[in-house]
Amino acid sequence: MYNRRFPFHHTPASGKRLDFIRIMIAIIAEKPSVGQDIARVVGATEKKDGYIVGNGYMVTWALGHLVSLALPDAYGYTRTAAEDLPMIPDPFRLVVRQVRTDRGMVTDIAAGRQLKVISEVLTGCESIIVATDAGREGELIFRWIYSYLGCTKPFKRLWISSLTDEAIREGMASLKEGTGYDSLYAAADSRAKADWLVGMNASRALAAASGSVNNSIGRVQTPTLAMICARFKENRNFVSTPYWQLHIVLKRDNGHRQFIHTKEFKDKNMAEAAYKSITPRSVVTITKVKRGKVFQQAPLLYDLTALQKDCNIHYDLPVDKTLAITQSLYEKKLVSYPRTGSRYIPQDVMAHIPVLLEKITAMPEFREYRRSLDLSALNTRSVDAAKVTDHHALIITGIVPEGLSEAESTVYTLIAGRMLEAFSPPCEKELLLMECVCGGLDFRSRSTVIANPGWRAVFSRKEDREKDEPEDGGGTALFAEGGLVPLSGRGLSQKKTLPRPLYTEATLLAAMENCGKDITDGEARETVKDSGIGTPATRAAILEKLIETKLIERIGEKRKKVLVPTTKGKALAAVLPESLRSPLLTSAWEQRLQQIEQGAEKPEDFMRDIQGFVKELTVNPQRVEHAETLFPPLREKIGSCPKCGAAVTEHPQGYLCENRICGFALWKKGGILAHAEIPLTAAEAKTLLTKGTVRKTGLHSTRTNARYDAVLHLDFDKDGRAILRPRFD
């Protein structure tokens, strides 16, 4: 078809002629690789600079977000001053993507170049097919380009959950009306503008109040930071309290069984009195023996968050890397759309599952499991169309993977294995509960035995054990109800309460996903029960932003890394108002964005409330206080831990790693230093940590009872404990 605005001989700004004859439909994808796949399926084969032509289509692509909201300077907000707040653009402006350089923020040249290509493609078409990722951000990427270019041409939506040729063909055969996704765009646009309003205004309000610049504050990242700080403070300030547990041991034939007293003692005297009340000649009465079956249900399929948690727990993969790997698998057509928040599939997808499971059990890792899997009686717990959101749960596509990296293979195997688990029968366990009385005290033994592992046989992980499956088992002896059994042993053990552990990436994701569960106000908790802070697609970016801006850091050894706030992070969390720190407000906002997406709320109502919040926030910005007023004072760093890299600080007895999970310690008077004239000094410890050796005088030999000097080398014993070994001159 001949286009009057761009005739055949027109040469666009890019300097290369676009052949518009017979070009009728433009397709815009989110990335070049996806655009190339779609072009191949629709028959477009002639490659140009930034687009592909053929068979009546012109396929082009974005490079992620080519267009973004303008920064404050574009609206005339050039000063960091309280009188310029709040900043509320009306209307917001879209600009070509900006990148940070030594000269400040400048226009991204690559983004500008590709926008010109897209402009020329859209100008030369009759209609548009939107093929950006089928989700909130994908919709926003296209709509902002469409709006920035002033395009008014009609468009339809390609909405698919995988990039296989079959999925693309089916999607092209059933294109959706573009207007049907107006609510999705409204939610994405509202989210972006709300983040701008809160982040820009809060950052400048803090800077105006304190004179401190470059404070990264965000609608979602700030409550996430506050959660990490609160857990760190709780953990460090925790005071352990002792308690005592009483148990008895009964024997029968060649076996024994341990019974635990049903109550714990918080008072030592009461515990010892109870212990003494049981004499070695006591006779125990078995009061109850109960057997039964219990089932541990198979887990649901993965959504992105569940996959990120397991990758972090089992393989120490950071959440952002898991997302990048899964996105790569998606673009290689091996898995379905990764940024999903659903763990369910509809019935029509279930029809393909048996074939997919056959392919999974052909993998070397799962061939043995195939013998116990009945494909005719699959578990349908993950099948529920009503619980599927924009995209169904994460599954493989059935295409045989080739040439995967080690990390890609690991994640792919995990997704495939979870499919086997989800469609397998429950784990069947035999429960045995026995109760008895001894010396007037009640005791209980509860244990389970795996009768049929079901889904747990896929990976056979110890992490899948439940609380009723202790590692030691407590013995195997069996007794009859009503029987009298002589006491064989008794014991009283002292235990202590433990703090809630510091967040790992996996547990932080869970906390972000379920933050409403920690809210004590019943009505408020009910309001946000189905929403967390952030979305599956954004939580990894939030975490990385906190690390990038040095508000938090990862410390610890492999598979034991925890997230702790930096001094800067604690100071920032300490001075921000509760409205910004609390996950309640952010969670409620996320729920309202979901309602906008569903068409149940008007975006202008949400934005009006956001603007009101920002105005209130910037009226009286709080002044910066020292973080030490709310957190324990930080000890001076002696050096870096040779085991995990965390700070080593001085304590009364020695020089300890601040990462308590690590356990590294240099004792001032331990080992070879036990009888030294002068304990290990801070300067000597610092030298050991930096150079690995230090010269020490006044050491004492217990063999000769004489003093000597030696060079001490930092080493580790077979259990990983730090020791000092001498070398004589």
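The model is predicted, so local features need pLDDT of at least 70 and side-chain atom pairs count only at pLDDT 80 or more, while totals for chains, interfaces and linings use all residues. Residues are numbered from 1 along each chain as its sequence is written, and side-chain values use heavy atoms, with hydrogens and water left out.

Select residues 539-548, helix α15; helices (H or I, at least four residues) and strands (E, at least two) are DSSP runs numbered from the N terminus. Within α15, colour R539, A540, I542, L543 and L546, which are buried (under 20% relative accessible area; exposed is over 50%, partly exposed in between; 1.4 Å probe, protein chains only). Viewed down the axis of α15, these residues fall within an arc of 165°, so they line one face of the helix; the arc is that of the directions from the helix axis to the C-beta atoms. The face turned away from the buried side carries the exposed residues A541 and E548.

Next, show what covers the buried residues of α15, including α6 (221-237), α8 (304-315), α9 (319-331), α13 (505-513), β19 (552-555) and β20 (562-565). After α15 comes K550, with a positive phi near 60°.

Move to the loop between β5 (67-69) and β6 (94-96), where P86 lies. A cis peptide bond joins L85 to P86, with omega about 0°. P91 lies in the loop between β5 and β6, and the D90 to P91 peptide bond is cis, with omega near 5°.

Finally, select N55, in the loop between β3 (51-54) and β4 (57-61). N55 is not a glycine, yet its phi is positive, about 60°; N55 is exposed, with a relative accessible area of 54%.

Terms used. Contact means heavy atoms within 4.5 Å.
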